[in-house]
Amino acid sequence: MARYELVKRSVALITLTNPPVNALSSAVRHAIAKSMECALSDPKVTAVVICGENGSFCGGADIREFAGPLKGPPLVPLLDAIEAGEKPVVAAIEGVALGGGFELALVCHYRIAHSKARLGLPEVTLGILPAAGGTQRLPRLIGISAALELITTGRHISAQEALKLGIVDQVTEQNACEVAVEFALRAVAKPLLSRRVSMPCKPREIRSAAVMGIKRECLHGHEQDLGMVPSLGTMGRGIAVCLARVGISVIAVESENKLLETGRQMVIGMLERDAKRRGVSASLNLLKFTISLQDLKDVNLVIEAVFEDMALKKRVFQELSKVCRPATLFCTNTSGLDVDALAGVTDRPHLVVGMHFFSPAHVMKLLEVVCGPRSSSETIATAMSLGKRMGKVRVAVGNCPGFVGNRMLKPYIDQATFLLEEGDFGFAMGVFRMSDLAGLDVGWRVWKESGLTGSDVDPENPPRRRQGRRYCPIPDMVCEKGRFGQKTGRGWYMYDKRGGTNAKPDPLIQILLETYRSKYGIQPHNISNQEIIERCLFALANEGFRILEDGIAARPEDIDVIYLFGYGFPRHRGGPMFYASMVGLERVLERLEHYHQAHPDVPHLKPSPLLKKLVACGSPPVQKWREHIKTMHSHL
Ligand SMILES: CC/C=C\C=C\CC(=O)SCCNC(=O)CCNC(=O)[C@H](O)C(C)(C)COP(=O)(O)OP(=O)(O)OC[C@H]1O[C@@H](n2cnc3c(N)ncnc32)[C@H](O)[C@@H]1OP(=O)(O)O
């Protein structure tokens, strides 16, 4: 059912032999699986060519077997294994590549077609869908609309059209099999990753990645941060673990030996526990720990994970530009800093991209891939593909302060703190717990950098107003007391120990609030659950509408994915944008107008123009919102 032979000393030629059209009967699938096994395990074989006997590549599923139960090896894992193999596989397409036969060609790393060949997914005409990867791989290869047209019509296309669409790599008038063998010999040793169509785009080969963590005070001399900012710290450690556990070698850089040893022990401990849980052996040999940046000179990709400080990150990137090869990609793990400003200090702005991991990075599924205006498509695709390999839920977002998730968090947290000022403390509001977990100092630093608090603030400024709008200084007061959240054992709540997770209300916070309210003559009043929910969640969604208008997120669903996977938004609510649509956009608009009238000095409560526009258009469902958005980010 398939012939296996070695040609040109090193090419395994697999010829399907199932007349009349070499359909994928159970025997053929079995023979392909066995032949691939031989080819991949034989050291003499450097490449593989798959073709069909008698001038026909493959007519798809064997319709003669449709009447009986499915026997033999299933097609999907067989195809996935061909694509994942480490030797290049070339499809030599003569006659037809239809249905499952086309799907077989799609998993080959290269496709050579005879000029008379025809390709297509005719399954729809049989009342079925191309379920062996066709609906997934074809859109990745030629784009959604072209793929949809082929899938939904079942139309056969010519070799020339296939070449134009990017489905085949070469069209020949000669014997396609002979051309494919020569092609295969030339493909040996070329990177395969970008040839695997199930990968999102055309990313670079990722062989190793380095994760950096350089202690802030070592570069800065800020000793007050000692112990607060571990270098192979929370983020760096988590990222290193994520990479190593999927088989990517990592060089972790620290600034000094003592910190390096602490970080090393923690990473190894995490990997060992993780491996034990999954019943596999820990991939410790993939890790190298060093205090020398020079050790990064040969890596393909660097993930910088130093403290969230623009000046520090810029210095690191300048150093990296000197040390690394010109083609090395630079990724910055930042939760909101300007990726383009960092790109600007390097010698390769097009190779710089943001990778916003969520803490703890080895646990949290979400990854925002931040596309700077100068990040190349290949750079973005590589970051997306690396994230995929790390098992992350990836969302490509635009570059603006806070990107999508944290930008939306600002109005949400603002509302929570304003409510704290106005009403009773102790209401069930996840935002304070979440802030304690993330570390209160992170936001505090951002506010200081943006001039909202700290020494740059004009002393003449009224205490509860900044930059022309309402400001709540309570979070600053909490931070000034060294209460940075769980990591210090104290934050909005108190914890049994540093790093503890058992949160209890702290009477000291209650006292702080009472003192504050009496200083400013604030009369606390009861706030209804409805007002809490509306002010927090509608302000959150309102910022989401602005993000869509600005082209920072491509679609409302992306925002929902970010909130579901990165911010613990309740799954059954579907995310802030879906939630808003369920409440009803008209209602959201009406309530925001109401609250903005009551709080005119809070611009985040002012309904966004997109929300108004959607309501004016009859509140279309979420999937139709895009049609009403003017700005589209070119990369998203
Ligand atoms: C395990 C399953 C996994 C994946 C499933 C994937 C879904 C599919 O693949 S669904 C099947 C998709 N393929 C088709 O729909 C192809 C249907 N065939 C055709 O369109 C045409 O036959 C042709 C291949 C384009 C050839 O056309 P033509 O040159 O005009 O010759 P015909 O007279 O039509 O056919 C010649 C001869 O081949 C037999 N045949 C055709 N296709 C198949 C097939 N898929 N399986 C088995 N046999 C096939 C056809 O019956 C004719 O045979 P006769 O002996 O003359 O009857």
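These legends walk through several close-up views of a predicted model.

View 1. The chain has 636 residues, and 46% of them count as buried. Its secondary structure comprises 23 helices and 21 strands.

**View 2. A shell of residues surrounds the ligand.** Here you can find 19 residues around the ligand, and the closest are Ala23, Gly60, Ala61, Gly99 and Gly100. Sorted by class, this shell holds 12 nonpolar, four polar and three charged residues.

View 3. The loop in question runs between β3 (47-52) and α2 (75-84). Is Glu65 buried, exposed or partly exposed? Glu65 has 16 other C-beta atoms within 10 Å, so it is partly exposed. Leaving out residues up to four places away in sequence, Glu65 touches Ser25 and Ser26. Leu24 is 41 residues from Glu65 in sequence, yet their C-alpha atoms are 9.5 Å apart in space.

View 4. Five of the five residues of β4 (residues 89-93) are buried, so the strand is largely enclosed by the rest of the structure. In a regular strand, side chains alternate between the two faces of the sheet. On one side of β4 look for Val89, Ala91 and Ile93, and on the other for Val90 and Ala92; all are buried. β4 pairs with β3 in the parallel sense over three bridges, and Val90 is the bridge partner of Val49.

View 5. Strand β13 (residues 301-304) runs parallel to β14, and the two pair over four bridges. One link to look for joins Val302 to its bridge partner Phe330.

**View 6. The largest nonpolar core gathers 117 residues.** Those that touch the most other members are Ile239, Ala240, Val250, Ala252, Val302, Val353 and Val369. Helix α19 (residues 529-550) gives the most to this core, with nine residues. Beyond its neighbours within four places in sequence, Ala240 is in contact with Val211, Val250, Ala252, Val267 and Leu287. A second, separate core has 64 residues, among them Ala31, Val107, Leu119 and Ala176.

**View 7. Helix α19 spans 31 Å.** That distance runs from the first C-alpha to the last of its 22 residues, and it is close to the 32 Å expected at 1.5 Å a residue. Just after the helix comes Gly551, with a positive phi of about 75°.

View 8. Which residues does the bond with omega near 5° join? This cis bond runs from Pro19 to Pro20, and Pro20 lies in the loop between β2 (11-16) and α1 (26-41). Another cis bond joins Ser359 and Pro360, with omega about -5°. Pro360 belongs to the loop between β15 (352-357) and β16 (366-371).

View 9. Arg9 counts as exposed because it has 9 C-beta neighbours inside 10 Å. Ser619, in the segment after α23 (609-616), has a phi of about 50° although it is not a glycine. With 18 C-beta neighbours inside 10 Å, Ser619 counts as partly exposed.

Conventions:
Residues numbered from 1 in each chain as written. Predicted model: local features only at pLDDT ≥ 70, side-chain atom pairs only at ≥ 80, totals over all residues. Near = placed C-beta within 6 Å. Nonpolar A, V, L, I, M, F, W, Y, C, P; charged D, E, K, R; others polar. Buried ≥ 20, exposed ≤ 12 C-beta atoms within 10 Å, placed from the backbone. Contact = placed C-beta atoms within 7 Å. Core = buried A, V, L, I, M, F, W, Y, C linked by C-beta atoms within 7 Å. Expected span 1.5 Å × (residues − 1). Pairing = 2+ DSSP bridges.
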